[in-house]
Amino acid sequence: MGTGQIVRNAVERHRYEISVDDELAGFTEYVDRDGQRVFYHTEIDDRFAGRGLATALISDALSDTRTEGKRIVPVCPFVAKYLRKHDDFADIADPVTREVLAEIRALHQRQG
């Protein structure tokens, strides 16, 4: 029997994950900095495409970010698009700055 879809904050991996029937379907990665949660990459496995999972994942991740008292920085195009369509997070969204982009580039270089 399936468990449906579940979103969880995988803190140890710095990402929110969405699972469908106990199988990882996708994730959105973030880095926390100065009271902000910078979302920089979202991925949904092709096998799960077209089910609205990215929307569910991002909605839950942003709601959790609000609950934690953090602000949102939408570097990831999926997150930025979600914010353009859903103004209920506009009050906690910060602009993407060159400084934030430089930090994300440095993070990617360290991760190899």
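Modeller: What follows covers the fold, the surface and one residue.
Modeller: This is a predicted model, where local features need pLDDT of at least 70, side-chain atom pairs count only at pLDDT 80 or more, and totals for chains, interfaces and linings use all residues. Residues are numbered from 1 along each chain as its sequence is written, and side-chain values use heavy atoms, without hydrogens and water.

Colleague: How many helices and strands does the protein chain have?
Modeller: There are three helices and five strands, in the order β-β-β-β-α-β-α-α along the sequence. Helices (H or I, at least four residues) and strands (E, at least two) are DSSP runs numbered from the N terminus.

Colleague: New topic: is Thr65 buried or exposed?
Modeller: Thr65 is buried, with a relative accessible area of 0%. Buried means under 20% relative accessible area, exposed over 50%, and partly exposed in between (1.4 Å probe, protein chains only). Of the 112 residues in the chain, 38% count as buried.

Colleague: Where does Thr65 lie?
Modeller: Thr65 is in helix 1, residues 53–67.

Colleague: And which residues does Thr65 touch?
Modeller: Leaving out residues up to four places away in sequence, Thr65 touches Tyr16, Arg37, Phe39, Lys70, Arg71 and Ile72. Contact means heavy atoms within 4.5 Å.
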